[in-house]
Amino acid sequence: GHGRYKICLDSDALDFRGQGRTPHDFVYFSEPEGVPGGPGNFNDRCASITLKVVPSRTCSVYEKMLEGAAQWTGRDSPCAHAVQRAMATV
């Protein structure tokens with residue numbers, strides 16, 4: 001949906017032995033795509049996000065920021081903690 005998004009997990013992060021090329025302090029904004037099925041709409045999506053930096057052969061997970069609430073960022077986010085716990089068992 002519409003709103004602000006921050007990266008919560010990045011396979012290129014130094015914590016995951018990546019090269020650290022993706023900025024974690026950047027806020028991405030979703031933009032409306034128009035009416036689903038209508039002109040200017042891609043694949044019946046109601047919104048899209050334009051990513052600024054996407055290194056090749058990496059994956060990233062973005063989570064929606066809650067309006068008016070304190071935000072978790074980067075490796076402190078609940079999403080990143082869950083992945084780190086899962087990786088510790090492998």
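**Close-up views of a predicted model**

**View 1. D10 in strand β1.** D10 is found in strand β1, which spans residues 4-10. The model is predicted. D10 is buried, yet has no salt bridge. The nearest side chain of opposite charge belongs to R21, 7.7 Å away. A salt bridge needs the nitrogen and the carboxyl oxygen within 4 Å.

**View 2. The F26 and Y28 rings.** The structure holds 2 aromatic pairs. In the pair of F26 and Y28, the ring centres are 4.8 Å apart. Their planes meet at 65 degrees, so the pair is edge-to-face; the cut-off for that class is over 60 degrees. F26 is partly exposed, with a relative accessible area of 32%. Y28 is buried, at a relative accessible area of 2%.

**View 3. The Y28 and Y62 rings.** Here the ring centres of Y28 and Y62 lie 5.3 Å apart. The planes are at 85 degrees, so this pair is edge-to-face. Y28 sits in strand β2 (residues 28-32) and Y62 in strand β4 (residues 60-64). The pair therefore ties together parts that are 34 residues apart in sequence. Y62 is partly exposed, with a relative accessible area of 21%.

**View 4. The aromatic cluster.** F26, Y28 and Y62 form one aromatic cluster. Y28 pairs with F26 and with Y62.

Terms used: Residues are numbered from 1 along each chain as its sequence is written. This is a predicted model: local features need pLDDT of at least 70, side-chain atom pairs count only at pLDDT 80 or more; totals for chains, interfaces and linings use all residues. Side-chain values use heavy atoms; hydrogens and water are left out. Rings of Phe, Tyr and Trp (its six-membered ring) pair if their centres lie within 6.5 Å; planes under 30 degrees apart count as stacked, over 60 as edge-to-face and the rest as tilted. Buried means under 20% relative accessible area, exposed over 50%, partly exposed in between (1.4 Å probe, protein chains only). Helices (H or I, at least four residues) and strands (E, at least two) are DSSP runs, numbered from the N terminus. Lys and Arg count as positive and Asp and Glu as negative; His and the chain ends are not counted.
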